Amino acid sequence: MNIENRIAELFRAGVANPENKFNGVVDYDFVCADIMIEMSIDILIEEMGSLEEFYKVFDSLVDLELALEAA
């Protein structure tokens, strides 16, 4: 599995995790932290080149999730 697919898989799990929801709203900071804990920051940097590249992928997943919620 490539790194972006793994991030997407962990993102979906984080969004579905009730511990990451407060008053019914997903706290994406917690979702991000879950991914970083699961994969480790070192692996993210090694695989993606920098955390900035990780954040680009993460932000696009958040944007997609918010668009789906709004639809």
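In this predicted model, the count of aromatic ring pairs comes to five. A pair of aromatic rings is described by the distance of the centres and the angle of the planes. Two of the pairs are set out below.

| Ring pair | Distance of centres | Angle of planes | Class |
|---|---|---|---|
| Phe 11 and Phe 58 | 5.6 Å | 75° | edge-to-face |
| Phe 22 and Phe 30 | 5.3 Å | 80° | edge-to-face |

The planes of Phe 11 and Phe 58 stand at 75°, so this pair is edge-to-face, since angles over 60 degrees count as such. Phe 11 lies in helix α1 and Phe 58 in helix α4 (residues 51-70), so far as the chain goes 47 residues apart, and the pair links distant parts of the chain. Phe 11 has 3% relative accessibility and therefore counts as buried. Phe 58 is also buried, with a relative accessible area of 5%.

The planes of Phe 22 and Phe 30 stand at 80°, and this pair is therefore edge-to-face. Phe 22 counts as partly exposed, at 41% relative accessibility. Phe 30, at 39%, counts as partly exposed as well.

Ring pairs also join Phe 11, Tyr 28, Phe 54, Tyr 55 and Phe 58 into a cluster.

Helix α1 (residues 3-16) also packs against helix α3 (residues 41-48). Their axes are 11 Å apart and meet at an angle of about 140°, and the two helices are therefore oblique to each other. On the α1 side, the contact is made by Ile 3, Glu 4 and Ile 7; on the α3 side, by Leu 44, Glu 47 and Met 48. By class, this contact has four nonpolar residues, two charged residues and no polar ones.

Notes
Residues numbered from 1 in each chain as written. Predicted model: local features only at pLDDT ≥ 70, side-chain atom pairs only at ≥ 80, totals over all residues. Heavy atoms only, no water. Axes fitted to C-alpha atoms, helices over the stretch in contact; angles between N-to-C directions. Helix = DSSP H or I, 4+ residues; strand = E, 2+ residues; numbered from the N terminus. Parallel < 35°, antiparallel > 145°, perpendicular 65-115°, else oblique. Contact = heavy atoms within 4.5 Å. Nonpolar A, V, L, I, M, F, W, Y, C, P; charged D, E, K, R; others polar. Phe/Tyr/Trp six-rings, centres within 6.5 Å; stacked < 30°, edge-to-face > 60°. Buried < 20%, exposed > 50% of the residue type's maximum accessible area, 1.4 Å probe, protein only.
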